[in-house]
Amino acid sequence: MPDITIVEVSPRDGLQNESTILSTDAKVELITRLVDAGARRIEAVSFAHPRLVPTMADAEAVMERVPRRDGVSYAGLILNRRGLDRAVAAGVDEVNVVVCVSDTFSGRNQNVTADEAMRMAGDVVDAARSRGLFTTITLATAFGCPFEGEIDPARVADFARRSVDAGAQELCLADTVGVGAPNQVQDLTARTRDLVGAPDGGGPALRFHFHNTRNTGFANASTAVAEGVDVLDASAGGIGGCPFAPKATGNIATDDLVYMLERMGRRTGIDLPALLPTADFLGEQLGRRVPALLPRAGTFP
Ligand code: ZN
């Protein structure tokens, strides 16, 4: 068992925000490479409307061809009941239901207020759990919003409580636009500590989602681990971007995160030598060098 579970989000958050659309073949190859390197939780697709997220339009075709192996769990991102129906039909193991804490971001992203999104998420979580799916609620823009600026951490804690009350089995706090700093990680962890599971079990898990847009992503991840968090999102090669920050890098890179954690004595279950060539594969597919540094520098010792 790994000490830290990395949820590999490159096929979803990574590719979703790239301007180049990969073929279904290439997406399946990426996912297969990740599984071969030891990834066991993979956010493979999004079931947002294809008109809104054209990079994920082939979600069903991808899910039909992903390697099915013992212990590998595939997640789909969903926003509503329609997305859940598609996710169930496509055979995902988990769903990640997104609620944007910022009203403005929520309005632009989903055309609903944050409160409306939270109520919808409650319905979706109920329905997903009754169908036997593991359910996560991700609170997007928990560290700041590109439109509203600072987000009150008390508001994030309130949405966290409502997520747990709604029955989510995991709570993910997302720095959607990569503005967060380690003190916010400490603060949000403290504010949600009574909601999430103690090490002895019980209660949902706490998970963080960091982008490295302003180079604070790894400091944030290190802080989360020091606070006892053991589920982190990351993206192979650090691919992805942000529609609101041109030329921004994407999620924290799995390659660099695994290196850091393993050097800290934490096990991730990811085999770095097996993972590293994926950066070149992604670079070829995307037509540019990916942001991860470990594939350039190599492992040590
Ligand atoms: Zn993201």
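Tutor: Helices here are DSSP runs (H or I, at least four residues), numbered from the N terminus, as are strands (E, at least two). The model is predicted, with local features needing pLDDT of at least 70, side-chain atom pairs pLDDT 80 or more, and totals for chains, interfaces and linings using all residues. Residues count from 1 along each chain as its sequence is written, and side-chain values use heavy atoms, without hydrogens or water.

Student: What comes after α6, and what is its phi?

Tutor: Gly132 follows α6, with a positive phi near 85°.

Student: How do you know what span to expect for α6?

Tutor: Take 1.5 Å times one less than the number of residues. Residues 114–130 make 17, so the expected span is 24 Å, and α6 reaches 24 Å from first C-alpha to last, close to that.

Student: Which residues of α6 are called buried?

Tutor: Among them are Ala114, Met118, Gly122 and Val125; each is under 20% relative accessible area (1.4 Å probe, protein chains only; exposed is over 50%, partly exposed in between). The buried residues of α6 pack against β3 (73–78), α4 (81–90), β4, α5, β5 and α7 (153–165), contact being heavy atoms within 4.5 Å.

Student: What makes Asp13, His209 and His211 donors of the zinc ion?

Tutor: Asp13 (OD), His209 (NE2) and His211 (NE2) sit at 2.0 to 2.1 Å, and donors are N, O and S atoms within 2.8 Å of the metal (3.2 Å for Na, K and Ca), so they qualify; water isn't among the atoms, so sites may look incomplete. Their spacing along the chain is D-x195-H-x1-H. Asp13 lies in helix α1 and His211 in the loop between β7 and α9 (217–226), so the pair ties together parts 198 residues apart in sequence. Both Asp13 and His211 are buried, too.
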